[in-house]
Each structure stands twice: as structure tokens, then as C-alpha cells.
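Here's a quick walk through a multi-chain model, going from the overall picture down to single residues. Have the sequence and the 3D view open while you read.

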Amino acid sequence: MKRNTRATAVVALCLTATMGLAACGRSSDKAATTDKASTVSSGKATGTITVWAMGGEGDKLPTLAKEFEALNPGVKIDVTPIPFDAAHDKLATAITAGKTPDVSQIGTTWMGEFATQALDPTPASIDKSTFFEGAQKTTEVGGTSYGVPWYVETRLVYYRKDLAAKAGYTTLPTDWAGLKAMAKAMQTKAGARWGIDLQPGGQGSWQSVLPFAWSNGAEVATADQKKYTFNTPETTEAVKYYQSYFTDKIAAKQLPENSRAPSFVDGSVPMFISGPWEMSGLNELGKAGFKDKYGVMMMPKQKTATSFVGGSDLAVFKNSKNRDSAWKFVQWLSDPKTQVKFFALSTDLPSVKSAWTDPALTADPKLAVFGKQLEDAKAPPATATWEQVATTFDTEMEKVAKSGLDPAAALKAVQSSADSIGTGN
Amino acid sequence: MLDTKRSAASKWLLYTVVTLGFVAVVTPFVWMILGSFKGQGELLRVPPTWWPE
Amino acid sequence: MTALTPAPSPVASTVPPVDDKPPAGRRRRGRRKGSSERQSRAAWILALPFMLLFSVFMAGPVIASLYMSFTDIKARDLRSPFAVGFVGLENYIQVFGDERFRKAAFNTAYFVVIGVPLTLGIALAAALALNKGITKFRTLFRVGYYTPVVTSIVAVAVVWRFLLREDVGLVNTVLGWVGINGPDWLGSTTWAMPSLIVMASWRNFGTAMIIFLAGLQSVPVMLHEAAAIDGANSWQRFRHITVPLLRPTILFVTVTTGIGYLQFFEEPFVMTNGGPLDSTISMSMFTYGQFGFGNYGFASATSYVLFVIIVCLTAVQFRFLRSNT
């Protein structure tokens, strides 16, 4: 008796499970939703606006928000600071649970994932041409813009002026061959151990390698973002150039952790490529007067002199209960004057072109170079699968830099992986 | 008991080994505690310092 | 054990009690039957909180992920989890076909095969030394050997990364004193994994040591004395008395350490991030990465593969190490 009941129970369980599994299925119509941007009402902002901001920006935004509250009496801005490493997961879970804030800061590489799911398209009242083109593109998914660029960063070549002079370089190189020669000269004539600190593959190295590909005219995906295009002659040429630094022993295959700034200051590795945040650390480590010992120069030109643009976007959520006021707040944050104020608070570079004419930004010659580079800086396509594909790219680049893998073979592997992962479009 | 049979030399050896093991096991922990008193620059310095300044 | 109340056996409640008493005895009969009913009802009520928590937080997710592993569900589908495609065993086939997963599986096997014996060997040696061998400062040594267990991996990782640096790391400095030129431990594909194994052993041998100490103390001294009188030396005594009596303890620590090491995640995650060149990526890290990309179906399949491997290894350990007394 007992065995029969147990057997029937097991069979019943299996049947239910199979039926449950068979019952699920994707809807065949690929909902080609082209989100339409709706308008924002005129007048002042009202009600409460909940905002999520990350890292240092999360700490500085409340100060700025108070000004907005003063301009719009009756509105309350509620800023929740979120640590950067938890932010992606927190946003993902909030979207799934339907418990999103009104406004959130969103990393440029996350737009592809979240935009069509949860974000409100940018209303026409916000002029997209006021932003740097590369930054504006980071908000665009499938042709529609979701949100605005808030602040940007781009990468330049940092170099020691005094050691460059010792190496015989009073005028700066402007092309690929010139940059490599300068790095080599740092080793042979200025006593540097390594000419330049280039990331040898690994996590995030695509930010170092792709600018060279872009400067060579390559694109990482097709214009409609339906297919990745890694395996092109232009990209292969760029990766070959990048690899040559390692094979010619100009860049180290492995540098100790956190050694970039100390090595730059003591001259053992007097060049590297990075963003504006490095400057404060270098100035502090190098002590008085070090500020004048180094400079930044634009990426070398092959066909173009393109760098990477990153930063964060600001977006309003689709199911926001205070949508109009939220957009008004975002619009205010994109105003050139506000952007300059935010720069003063956070040292984050403004994404609005006209903000750069302000004396606060023109005063520092190094910042001016960043501003110039921002005019020719690109970001990867805002696809949902970018992070996963980038990981494959990083792994192959590590093999290229550390094991001498042939760039063509590496890119072929990346392409096949990218094809199987797809762009999600 | 049984342990009295062990010679003085082997007892010394045992104590040395156990003490060396103790040092090896505890050193990273001690380094961590000392490091908590150092400034960022001193912590990353090459060659490293033992006692905080 | 004294019986305080005549506990009614389960049989008694199903078999009707002998009815030889007039209705006055009905109350007693009712109480006996009701008492056992009340006891089982009480048992269910007391077990209910745990069962609720267990089913919501443990059983529920386990079943849900089993279901997910047979579909192509991605992070975007979480709001409509049933509107996904059923793909059968395709995820599982893909798991074994993934080159990175195979590397992760090899790394995990490497870690377990070398790490478990190393950790337990050090733990047993330490336990033996601290059990009878050392008389002075015993507590100090025991506490010292146990401290790595209580450290936070994130804090410890910073220290170890510094210790293992090629140029100024303490390890290479000490090796330099004896004339050995140490390599870049965490940057080398050959030495990264051994470094992590040593670090994991350092962190975990304390727990096994404490358990071994408890097990050693249950070995009767009389047996050792008798064997010594019969002329057995220390090694023979260890092999023929201590080890057999320690078998249940050895089984326990081997199983728990094995299960823990098969899932090792923290060490490679904070020390090397799976590198260099994927030489330290573990199956758990791989699964974590896939969940991060939003490939929930594929990642669930990966975690179930790991689960099956753990179950198999544990079964094997039970087979070989169970007490045969």
C-alpha cells in the first residue's frame, strides 16, 4: 500500500513539473517597441523627487539639490547615496521589483541593459546637441535617447615633462609611431624601467585597447547594433600595435598593484593613459611642485585621435510617479551653470559643451586638454550584452599581451563568442 | 607518563617547530594590525616599513 | 533514562484501547489518545517557523533555480518568469562545452585535491603537537593557530597580496635569505594557484585543528600506554591506535573541508580575480560571473552541476572513510 502511494506521489510530482515547464514559453511577437518621448509640462517642479546617486556624486548632490529646492519652493529632493559596487545589482533588483526611484545616476555601460526595460525616453525639450557627441551616444539604445549625460571622463596620455625633455622630446608626438618612440626613448635616455604603463589585458582593458581601434577607423558593432564587428582589419591592426609595446618590452606584462602613481612620481614608469581623477593623487604623492613636472597629451592620431569617454548618465524611470518634476530636475542639472557648480563640488567633468568656456575649467591647462579630447571620444555600443562580450575581449587581450597570442586569432575568438552571445537586439 | 620518555632534544625541536609555525601563521595578522596605524602612503611604500611612523 | 510520564507509543493511538472500564474511564482513554495527538500537533507547530523559513529561503530558491536551469531565462525576464522558452538539457550541454567552465572545473579539482590533504595534514600535525607534546603556552599556541579563521578575507587579501609581491613581498624576502629568487607569485600562471592553496590552508586549518584536538582527546590514554609497554614506538602508536579511532573525525573534517573547497570563491575573487589568464578561476566564480551577466538559466545549470559534483564526492568520502569498527 505504502509503496504504491509513494510511487503515485512521485509520478504526480514529475507530471506537474513537466506540465509546468511545458506551459512556459516566450511570446512569439518580438515586441519592437519604439518608445515615444512624451513632453514635460511647463512650470515649477513639485512634490518629492527620489534620486539615487553613487560614490562621491552621491555625497555631493544634496548640496546642489538644495539650490533646486530654493528655486522651486515646495519640491523636495531625496538623495540616496549608493556605493558603486553595489549599484548595478541594486538597480537590477529595483527594476525587477518595480520599486525604482524617480531619477537615478546610471553608469554609461549599463544603459543598454536597463534602458528599454525601465527608463523614460528623453523629452524633446532637452536639447541633445548641447552634450558632447560621444557622451550623448551613451544614452542612446536602439536609436532612442534615454536620459542625459551627467558628467564625463576621458583618457589622455600622462607623461613626465622633465623626463621627456631628458629623452629629447620638447615637441609632443602626434601619431602612433611617435608615441612608441617617445616611450622607448624614456627607457633608453631618461632612465625609466618601463616606457609606458599599459594594461596587459584583464578586466576593463577594453577601455585601453578600443581607443586605438577607434582611432584606426574601426567600429565595434554595426550601426543598427544588431551585430558585433570585432574581427576587422582595422581592429586587428590596432591590437597588433598595442601588442608591440609588450613584445618590444616597452610596457610591462605585469606591474605591482597600486604602483601606477608611485612609479610615475619616481620616474620608473613615466607615462600612462588614464582619466582626470589621477591628477589629485599624483599631486599629493609628488608633493609641492610636482604639478608642473607632468603634462597630459591627446591620444595619438592614426586616422583620428579618438579616446574613450565614460562617466555617468542621469535617467528618469518609466513608472516614476513624479515624472514631470523629475525631468525638470534633470534639465536643471544639465544647465551649463549647474554643471560648472557641480564640477566645483566634485571635480567631475561637465558633459555640456558650453560649460567648458567657464573660467573654472579654462584656468587649468591640463583640463583644457581633456575638454579638447572630449570632442573626439567614443563609448562602446549601449547593448544589453556588452559587459559579457567585453569580458571575452579582456580575456583574449590578456593572452595577446602576456602570451603573445596572434591578434587575428584572438579577435576571431572574440567575434565567435560575441556572435553566440548576440547583442540582445 | 609517556611523554617523559621523549628526550630533551626532541622536545626542543618540537617547541622550535611549533613556535616557527606560530610566527608564520600570525605574521600576516600582525602586519594587518600594524598597517591599520599607517597612513596610505606609508602602507604602499617600497621598501615596506614594519613599525608605523 | 527514567520515564517521567508513560509516553504513549504511536501504536497505542491507532489501536483502540481495551474497553473494559465503564464510561468513567472514557476520560482517561480520551486523554491518552488526545495527549499523543496534542504532542504531534505541538511538534508541528514548533517546527512550523523553521519550515516556513526553510521553504521560503532555502527550498524555494533551490527549486526555482532547478526550474530556471531548464529554460533560457535571462535577467530581463524576471518580471515574467513563466514567459520563457523551455530548452531542456541544452544549458547543461552548453556548460560542459564552455571552455572557460572546463578550466574552472580543472582549477577547482586542483584546489581540492591538493588543498584538502594539505589543510588537514597541517591541522592534524598542529593538533598532535598541541595535544600532548606542548605543555607550556598551550593556549597561546592554540589561539594563535586559530586566528586566521576569524579574519575577514577582504582584509587579509590586501595583506597577502603585499606579502606575495615579487619585489618587496615578505615571502620573497625570506626566500632571498636562503638564496632562492622568488617568482611573481600572483602574476604567474604556474604559481598563482599554489599561492591561493597555501593561503586557503593558512586560513582554514584552525577549524580542523580544533576538531582534531577534540577527537584526539577521546582516544583513551590506556591504549597508548598498553601499546608502549608492548614496545610500539610513537609512529606505530599513531598509525594503529590514533588514526583508526580518529576515523569519524577525519571523515567529518574531510567532508566539510571538501564541500567548502569545492565552492571556493573568495580567495580567487579578491586576490587574482580569476587570473592570470584564467588560471585561478573557480566554478563558483564562473557561476557568479554568469549570474552577473544575467544568464540566469545557464548559471543555474552551472550551479546544479557543481551541486552534483559535491554530492558525488561526499558519497565517495563516506564510502572510503566511514568507520569500519
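## Chain A at a glance

Among contacts in chain A between residues at least 6 apart in sequence, 75% join residues at least 24 apart. Here, two residues are in contact if their C-beta atoms, placed from the backbone, lie within 7 Å. This is a predicted model, where local features need pLDDT of at least 70 and side-chain atom pairs count only at pLDDT 80 or more, while totals for chains, interfaces and linings use all residues. For bookkeeping, residues are numbered from 1 along each chain as its sequence is written, and chains are lettered from A and ligands numbered from 1 in the order in which they are written.

Chain A has 17 helices and 12 strands; these are DSSP runs numbered from the N terminus, with helices being H or I of at least four residues and strands E of at least two. Taken along the principal axes, its C-alpha atoms fill a box of roughly 90 × 65 × 40 Å. Of the 425 residues in chain A, 47% are buried (20 or more other C-beta atoms within 10 Å of the residue's own, with C-beta atoms placed from the backbone; 12 or fewer is exposed, and in between is partly exposed).

## Two domains in chain A

Where they meet, 22 residues of domain 1 of chain A are in contact with 21 residues of domain 2 of chain A. On the domain 1 side, the elements giving two or more residues include helix H4 (111-118), strand E6 (148-154) and helix H15 (365-373) of chain A. H15(A) gives the most, with five residues. That side has eight nonpolar, seven polar and seven charged residues (Ala, Val, Leu, Ile, Met, Phe, Trp, Tyr, Cys and Pro count as nonpolar, Asp, Glu, Lys and Arg as charged, and the others, Gly among them, as polar).

## A:Trp176

Is A:Trp176 buried or exposed? A:Trp176 is buried, because 20 other C-beta atoms lie within 10 Å. This residue sits in helix H7 (residues 176-189) of chain A. Leaving aside neighbours within four places in sequence, A:Trp176 is in contact with A:Tyr241, A:Pro300 and A:Gln302. A:Trp176 and A:Met299 are 123 residues apart in sequence, yet 8.8 Å apart in space, C-alpha to C-alpha.

## Chains B and C

Chain B has two helices and zero strands, and buried residues make up 6% of its 53 residues. As for chain C, 23 of its residues are in contact with 21 residues of chain A. The chain C side has 11 nonpolar, five polar and seven charged residues.

## A helix pair in chain C

Helix H12 (residues 283-293) and helix H13 (residues 296-321) of chain C pack at an angle of about 165 degrees, with their axes 8 Å apart. H12(C) and H13(C) are therefore roughly antiparallel to each other (an angle over 145 degrees). Among the residues meeting there are C:Phe286 and C:Phe291 in H12(C) and C:Phe298 and C:Leu306 in H13(C). By class, this contact has seven nonpolar, four polar and no charged residues.

Buried residues in H12(C) include C:Met283, C:Phe286 and C:Gly289. Their cover includes helix H4 (99-133), helix H11 (266-271) and H13 of chain C. Just after H12(C), C:Gly294 takes a positive phi of about 95 degrees.

Notes:
Axes are lines fitted to C-alpha atoms, for helices over the stretch in contact, and angles run from 0 to 180 degrees between N-to-C directions. Angles under 35 degrees count as roughly parallel, over 145 as roughly antiparallel, 65 to 115 as roughly perpendicular and the rest as oblique.
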